[in-house]
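Some labels used for a structure rest on cut-offs. The questions below ask what stands behind each label.

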Amino acid sequence: MAVFPSCTPQIQEQLESALLTRPNLPVKEAVDSLTHADEGTVRLATRLLGRVPNPDAGVKGAVGAALAKWWQLWQDRRAKGAGRPSDGDYDDDDDDDGPGDPLAKAGEVVESLLFTAGRVGVPTEVIAGVARSRPDDPLARGIRLEAVRCLALGTVTPAVLDTLDALAVGPDADVRVLAAEMLARFDPKRAAKRAEQMLSDRPGFNRLAVANAVTAADVKGAAASAHLQPV
């Protein structure tokens, strides 16, 4: 892990493959590497820790701390004007927001950490905090959606369902749709209770309907509204 940042991309690829296929993962070294300043080293560390069968509290705490650090770093780089405000995706043909751009590199680390956080069992609120952040920032869209997806990577606990329930009626349209879909998948009865409230948000409501989480009785009270009848 210590030599990884100094290696050429080809050697890094071989080293990463060798580490990920080891029968005994270098957990301690991976935890230590979470504090490294090199994005590639941190991503490798998160991939290793995401494969740990029974992560202890130390691993969970280290991943949570790294996620907070890199999410703040992404926001700091965003505040300095990195990336393009008009486009939610990074364009490899644009030197300002391509794969070498500091904002894009930090975003990749954040998404990797979110995945590992979901796998190792970092507290739900930590991941949900990212999902709720910067709802009007198009460059944060991919990170927000990844945070929602990662909420259910482990055991879908009541806390996860509570979070999905809240996100399904939150201010971010993209997050609302994904959260509604996931809530309908994991707890259709609970999703049905949100049906009438979500009638004014057609994309989200459609996710409930596709998942068969809505019955006529759930929306009967809204039938008299001319505004909601088309939905």
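Q: Why is D165 called buried?
A: Buried means under 20% relative accessible area, exposed over 50%, and partly exposed in between, with a 1.4 Å probe and protein chains only. D165 has 11% relative accessibility, so D165 counts as buried. The model is a predicted one, in which local features need pLDDT of at least 70, side-chain atom pairs count only at pLDDT 80 or more, and totals for chains, interfaces and linings use all residues. Residues are numbered from 1 along each chain as its sequence is written, and side-chain values use heavy atoms, with hydrogens and water left out.

Q: Why does R190 count as partly exposed?
A: R190 has a relative accessible area of 22%, and therefore it is partly exposed.

Q: What makes R190 and D165 a salt bridge?
A: A salt bridge needs a side-chain nitrogen of Lys or Arg within 4 Å of a carboxyl oxygen of Asp or Glu. The closest N and O atoms of R190 and D165 are 3.2 Å apart, and the pair forms a salt bridge. This pair links distant parts of the chain, 25 residues apart: R190 lies in helix α10 (residues 188-193) and D165 in helix α8 (residues 158-167). Helices here are DSSP runs (H or I, at least four residues), numbered from the N terminus.

Q: What makes E125 and R132 a salt bridge, and which class does E125 fall in?
A: Their closest N and O atoms are 2.1 Å apart. E125 has 48% relative accessibility, so it counts as partly exposed. R132 is partly exposed too, with a relative accessible area of 41%.

Q: How do you know that D137 and R78 form a salt bridge?
A: The closest N and O atoms of D137 and R78 are 3.1 Å apart. D137 sits in the loop between α6 (124-132) and α7, R78 in helix α4 (residues 57-79), 59 residues apart. Both D137 and R78 are buried.

Q: Why is E146 called buried, and what is E146 in contact with?
A: E146 has 15% relative accessibility, so E146 counts as buried. E146 belongs to helix α7 (residues 141-150). Leaving aside neighbours within four places in sequence, E146 is in contact (heavy atoms within 4.5 Å) with E111, L114 and F115.

Terms used
Helices (H or I, at least four residues) and strands (E, at least two) are DSSP runs, numbered from the N terminus.
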